[in-house]
Amino acid sequence: MTSTLPSTANVGTVSYSEEQQRSQGNVRRRPIGLLWKDFFKDPSQWRDNRSNNASQTFPHFQHKVTGDRLWVDGRLNPPWVLDELRRRGLTPSVDREHSHVLQRNDKRCNKRIVDDDEKDFPYVTSLRSCTFNKDLPRGIRIHREILRCGVENECADALITMYAGCGAIDEAKDLFIDYKSRDIITWTVLIAALIQQGETKDALTLFECMKQEGLSPDAITFTVTLKACGAMKAVNTGNSIHGEIARLGLLISDVVLGNALIDMYVKFGHLMKAQQVLEGLPCRDTVSWNTLIAGYVQHQQPEKALACFERMQREALPPDAVTFVCLLKACGTLGAVDMGEQIHEQIINQGLMEENIVLGTALVDMYAKCGALTKAQTVLKELSVRDIVSWNTLISSYAHQGQGEEVFHCIEQMQLEGIYPSPITFGCILKACGTVGDIVKGEQIHDVISRQGLIEFHNSLGSALVDMYAKCGSLAKAKEVFDGLPSRDTVSWSSLIAEYVQQGEAEQAFDCFKQMQQEGLRADGITFACMLKACAILGTVNRGRVVHDEILKEGLLGTDAMLDNALVDMYAKCGVLRKAQLVLEEIPFRDVVCWNALIAGYAQQGESDRALSCFRKMELEGFHPDASTFLSLLTSCCHLGLLEEGCKCFISMITRYNITPDVNHYTCMVDLFGRAGQLQKAACLIAQMPFSDHGSVISALLTACRKLGDMSLGRWAFQRALQLDEIDGAVYALMCDIYSITGSQVDTENS
């Protein structure tokens, strides 16, 4: 050993006397425990120097005003400080070892200091420092020195920990195999490192080996192993470990372990079990509730997430930024803007908005998803820091709402701030170009992303280009771009197929679908929905049945509302109404769109009684009809001449469901009155319309006048029709028919 070794190794954990000396540097000379309490109360008042920790005299944390200094590895630190540091994630895995050494192996450490082997301890200290600072090169140099001194066996555990903590997992495993450690801490550190590297299967294997070796896992071992179970979806292993933890009574005082259990069950998707674990914990904290709330949000159960927040507040646990981010996502999913505004107010009151860009972005996203885009833009402008993610959140919302000009405005503002568009931004711009039909701007963006080579690495941009050109009316250019894509996936094929269907070119859509399958690509729900629409356009139920069979083979029926609705709609439009109803009844989660497709099908086929029957069933299932539902019902009533039923539907639409009738609803009602011979009521309804006369409504009245030979009302309707369009040939033809039927002579001056 060289004489310089102690000085080069003197960076990690220091002796008790050294700690006493350096603690005297605290200006107020207050007890270490009180200083840590101040730190945990408000960490923002302390400067974090850990990344610059170059010597033992340089503190990990230093108060910005008083200059008080703290070391996470200080020997004067009370045990509760180490637990709190670990809970807050302020110490890496090696510091858990540190905690164990101080609390459980203190005698062993003291013995090393006074033993003849005292020369070995500085190496261990230095290796701990390397682990804490993730300084692998220095750790390797110390390892070489250890080998030269022949003390590798004595330092094996610290070496394994250092390599594992620095991400050199292969070296850590080699040493672990060679030296067959019996130290629980070393086993735990290696398990944690394997999980960190994504080798969760090996981590669980190592955990089982640990038990086979007769070593008893502690709370920290269980905590890291539960993480592996969650990542692997190892339900049986996770349940078994839960049983062990319960038998050992470890949940009584270890909230971190309890939180790991909740997190594991959340990752399994077993949210009820996760909540049971939380409710059974003797003590729980904000992290406990955050884990469960995030799980409910992730699994599309926003109402339960908000209910958990209410219980958390009743327990007087303070929400943090993580809580609020999850709650804002829940509000966005529900469209609950009022609740979102209340949470926004709490965030402001707690002063969490300052420089918290993740929370700010979540607020923008919540308002955007609730349709309050103006408010979303206001929040974005008020953020002290904005980045590409926060801008993209607003831009994508404008793009999806079809507000292309707002997208362009946001892009200009963003670039003025020196933020350059990302691939996601370019995708939104292309969508906006398609919405407003600006092919020139779309071609400019195409040129930019081509020069940057972005299409090669982002398939979504290729699909966005195809979509943009098609929506701008250039299907040929869309096909040209598609053919030139470096790689084509299901999404890009679906984009092209969707545009062919949108343009009514169903046969071209089928050709693309066939080519896609020949390339070995599997269709998804969007692809199949487009193909079903193509079948409906062509009226080819046989092709539709083939597509239906493929959907069943892929197990997609009942998993995608859009696909389910497209299937019912296809059978309905092809006239196979009994099959359409059977499919609807097989769908586990029906919605109003699905019912509308079936009701419209029955209405179009003249089976009005079945249409009305479906409407009543829909109401019994608790679905609220929309404007499309009532249009189909009124059409059915017209076909059957059900004046009383039609009037009830029309009134119910306005008074019960608060739906404003449009011109199509008024046209149906005028037609219905005309078929019943009540032309004066039809004329009164036209006079009461909240908007100006519309040609289709007047034509319906003229048709009724021709059928009933009402010259007086026919002339009135004819004059109103001419005010709308003086050269409408159909109107003149209807009026001539009325003159012919009534035997009157055409008044050329007034007509």
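A salt bridge here is a side-chain nitrogen of Lys or Arg within 4 Å of a carboxyl oxygen of Asp or Glu. By that criterion, a search of the whole structure finds 27 salt bridges.

This is a predicted model, in which local features need pLDDT of at least 70, side-chain atom pairs count only at pLDDT 80 or more, and totals for chains, interfaces and linings use all residues. Residues are numbered from 1 along each chain as its sequence is written, and side-chain values use heavy atoms, with hydrogens and water left out.

**Salt bridges**

| Pair | N to O distance |
|---|---|
| Lys471 and Glu499 | 2.9 Å |
| Glu607 and Arg610 | 3.2 Å |
| Arg675 and Asp671 | 3.1 Å |

Lys471 and Glu499 meet in a salt bridge. This pair links distant parts of the chain: Lys471 sits in helix α28 (residues 459-471) and Glu499 in helix α30 (residues 490-502), 28 residues apart. Helices are DSSP runs of H or I with at least four residues, strands are runs of E with at least two, and both are numbered from the N terminus.

Is Glu499 buried or exposed? Glu499 is buried, at 3% relative accessible area. Lys471 is partly exposed, at 43%. Buried means under 20% relative accessible area, exposed over 50%, and partly exposed in between (1.4 Å probe, protein chains only).

Arg675 and Asp671 both lie in helix α40 (residues 663-675), four residues apart, about one turn of the helix. Arg675 is partly exposed at 42%, and Asp671 is partly exposed at 25%. Elsewhere, salt bridges that share partners join Lys479, Asp483, Arg488 and Glu519 into one network.

**Positive phi**

Lys180 is not a glycine, yet its phi is positive, about 45°. Lys180 lies in the loop between α10 and α11 (184-196). With 63% relative accessibility, Lys180 counts as exposed. Gln300 also has a positive phi, near 60°, and is a residue other than glycine. Its loop runs between α17 (286-298) and α18 (302-314). Gln300 counts as exposed at 58% relative accessibility.

**Sheet**

An open sheet of three strands has the order β1-β2-β3, with antiparallel pairing. Its edge strands, β1 (46-48) and β3 (69-70), each pair on one side only. Two strands pair if DSSP finds at least two bridges between them. Strand β2 (residues 61-63) pairs with β3 over two bridges. Phe61 has Leu70 in β3 as its bridge partner.
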